[in-house]
Amino acid sequence: MAKPSKWVERDKVKENVYWPNEEMKSRAWVHDASIYEEASKDPTAFWSRLAKEGLDWVEGWSEVYQAKPPHFKWFLGGKLNASYNCVDRHVNTWRRNKAAIIWVPEPLGEPVRTLTYMDLYREVNRMANTLRKLGVGKGDRVGIYLPMIPEVQVAMLACARIGAVHSVVFSAFSSASLKDRLLDAGAKLLITADGYYRRGKAINLKAQADAALKDTKVEKVILVKRLGLGVELEKSRDYWWHELRDEAEPYCSPEPMDSEDILFILYTSGTTGKPKGIIHETGGYLTQAYWTTRWIFDVHDDDLFWCTSDIGWVTGHTYNCYGPLSLGATMLIYEGAPDYPHYGRVWEIVEEHGVTILYTAPTMIRMLMKVDPDLPRKYDLTSLRLLGSVGEPINLEAWKWFFEVVGGGRCPIVDTWWQTETGGILISSLPGIGPIIPTVAGRSFPGTKHLILDEEGRPAPMGEEGYLVQIPPFAPGMLRGIWGDPKRYVDTYFSQFGPEYYFTGDGARMMEGEAFRIIGRLDDVLKVAGHRLSTAELENAIASHPKVAEAAVVGVPHEVKGEVPVAFVILKAGVEPTPELERELVKKVDEAIGPIARPERVVFVTDVPKTRSGKIMRRILRKLLRNEPLGDVTTLMNPEVVEELKSLVGYRGSRGASP
Ligand code: WT7
């Protein structure tokens, strides 16, 4: 093989600062920093140009942006269809026979499946007609509970084609969480599978779905045969996809959707026990998905893009479906676990398929770095030209390993900050412009603006930690609301600093060159292995055990997962703590949320620190576990409990600790 290309060079003076080299600049879609200025002069004109250039519209808009903060709309009156933009328009070009999805199953012996854009087009049309036949219409909600198989993209695009709203639920979420989401969304149909492979185990997804469906509004179930497990079908409710597919009409005309019509709902955790159904609409979301994929990952027609996120998270929606497909790119999706059946699986896939862009989470990087830091060197990873990170702050050590060992010191890393709510990446460096600096995510995407505010809502001084907010015009891909709860939308995002400031919930610092260093969540939201969890949901799950009086959950740092939950549990009078009971509590979490939310540790206590009004002081619990100074605890309702907790968790205090 020829000498692999190099795309970055070190800064001549500063350590840990990289710039795209000439080769990268000449290849990149954007390589001139003036794009930032151009966009900020007139952001709405900028987005208007991008929306026109990037997407096919049935009808143009009459107004680009309209705002009555905290509410806003983009491309008013414009009409388009997301599935048309992801398949039809490619089928009408040379891309018709280009690979859209390369699917890698988990079992090593099983063949890889490739769907060209034409294949995808056929499947989407048939599934869309099937949905219609089963009574799904525009605006109806469809639940999707599927593993990482190509039918998941088919299902999403089929919904989009007929204007139905999809609500994808992560396949590793429990029955109970699926049920909650189906109920909240009022879904009338569910698309699921008989099962899938995870670490060599066949998971029976149908059984989980069945348990969730009782007492919901779901009337019909489309079942994809992935394993051939011989599951039971419920007559007049359940249908095999392969049977329906063969009967379905091959063409379904795409519904012209208003730009502001809902494309999907995706549930995410907030600070309360109830997940929020984040609403994304069509035109603005797709515009942001298209352009962030194109500019940040610098995707070209000869690239193979692999985003390792599950479809159940927003990263999967935007970068495993709408972004790459609207672009006509080739993407790889993988069914299984990154460390199965061996720790080199990810590198093996990169080598075998020639992946050029790898987008993953710090937790996976740290895990693979820890098990064998030299393993990637045994594989030919020279096809890689760009790396990406998302979901939580990436620490310097992991960054360096990713850069040197995986990227061979040749590839830029884009550290992309965004949220379920933002729909697409908003803070990142652009690889053709740079700079690329470890632990610094980068600048606001052109046409968007973020600030760091202090407690009083004043701009925080350069380098100081503060609250990360977005200011108008709000990015086109931003959420438009919370399903069924308009008040929560205002309260959660627009009450801290008023309706002109979207509050992200993250702490960050403004660095040199308008770049942001993201610190992480400031609220009771946990990021465990990149997964977003709410402490309240965990607490409710644990407290649902009849022997539990109260539970308090906090996150503590973890070498691989970034953060893990620790539960403080108060048992009812007379109940003895036992290892058996601890297992039962973990099971409660499995049932309510899923194994990803399992507490790392359960500490049985007689009480937890509370304010005089009875609010649990999680801050003190966090500090106890991290050996940080506790500050003044005398104003607590129950200061004496702190002493008990100190000895229980082995608190060593910290140097310079206040009394
Ligand atoms: C939270 C959002 C957005 C896709 C996956 C997560 C954290 C996200 C970064 C990053 C530091 C990050 C933030 C954010 N986060 N990306 N590059 N650096 N932190 O979506 O589940 O909605 O979580 O993830 O804390 O608020 P999500």
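**The open sheet and local features**

Modeller: This is a predicted model. Seven strands make up an open sheet with mixed pairing, in the order S7-S6-S19-S18-S20-S21-S22.

Biologist: Which are the edge strands?

Modeller: Strand S7 (113-116) and strand S22 (413-416) are the edge strands, and each of them pairs on one side only. From one strand to the next, the twist averages 20 degrees.

Biologist: How many bridges join strand S6 to strand S19?

Modeller: There are four bridges between strand S6 (residues 99-104) and strand S19 (residues 330-334), and the two strands run parallel. As a general point, the strands of a sheet pair through backbone hydrogen bonds, in either a parallel or an antiparallel manner.

Biologist: And what is the bridge partner of Trp103 in S19?

Modeller: Trp103 has Ile333 as its bridge partner in S19.

Biologist: Let us change topic to the backbone. Which residues does the cis peptide bond with omega of about 5 degrees join?

Modeller: That cis bond joins Pro69 and Pro70. Pro70 is placed in the loop between strand S3 (63-68) and strand S4 (71-76). The peptide bond from Gly434 to Pro435 is also cis, with omega near -5 degrees. Pro435 belongs to the loop between strand S23 (427-428) and strand S24 (443-444).

Biologist: On phi, then: what value does Asn16 have?

Modeller: Asn16 is not a glycine, yet its phi is positive, at about 60 degrees. Asn16 sits in the loop between strand S1 (8-10) and strand S2 (18-20). Arg199 also has a positive phi, near 50 degrees, and its place is in the loop between strand S11 (195-198) and strand S12 (201-204).

Biologist: What does Arg199 count as in terms of accessibility?

Modeller: Arg199 counts as partly exposed because its relative accessibility is 43%, which falls between the limits of 20% for buried and 50% for exposed.

Biologist: Where is Glu539 found, and is it buried or exposed?

Modeller: Glu539 is found in helix H16 (residues 535-543). It counts as buried because its relative accessibility is 7%, and buried means under 20%.

Biologist: With which side chain does the side chain of Glu539 make a polar contact?

Modeller: The partner is the side chain of Arg618, at 2.9 Å.

Biologist: Which residues line the largest cavity?

Modeller: Its lining consists of Ala160, Gly163, Ala164, Met257, Ile262, Leu263 and Thr282. By class, these divide into five nonpolar, two polar and no charged residues.

Biologist: And which residues line the second largest cavity?

Modeller: Trp399, Ile413, Asp415, Ser429, Ile436, Ile437, Val440 and Ala441 line the second largest cavity. That lining has six nonpolar residues, one polar and one charged.

Note on methods: Residues are numbered from 1 along each chain as its sequence is written. This is a predicted model: local features need pLDDT of at least 70, side-chain atom pairs count only at pLDDT 80 or more; totals for chains, interfaces and linings use all residues. Side-chain values use heavy atoms; hydrogens and water are left out. Buried means under 20% relative accessible area, exposed over 50%, partly exposed in between (1.4 Å probe, protein chains only). On a 1 Å grid over the protein atoms alone, a cavity is a set of points where a 1.4 Å probe fits but cannot get out, and a pocket is an open set with protein on both sides within 12 Å along at least five of seven lines; lining residues have an atom within 4 Å of a point. Ala, Val, Leu, Ile, Met, Phe, Trp, Tyr, Cys and Pro count as nonpolar, Asp, Glu, Lys and Arg as charged, and the others, Gly among them, as polar. Two strands pair if DSSP finds at least two bridges between them. Axes are lines fitted to C-alpha atoms, for helices over the stretch in contact, and angles run from 0 to 180 degrees between N-to-C directions. A polar contact is a pair of N or O atoms within 3.5 Å; within protein, one must be able to donate a hydrogen and the other to accept it, and residues adjacent in sequence count only if both atoms are side-chain atoms.
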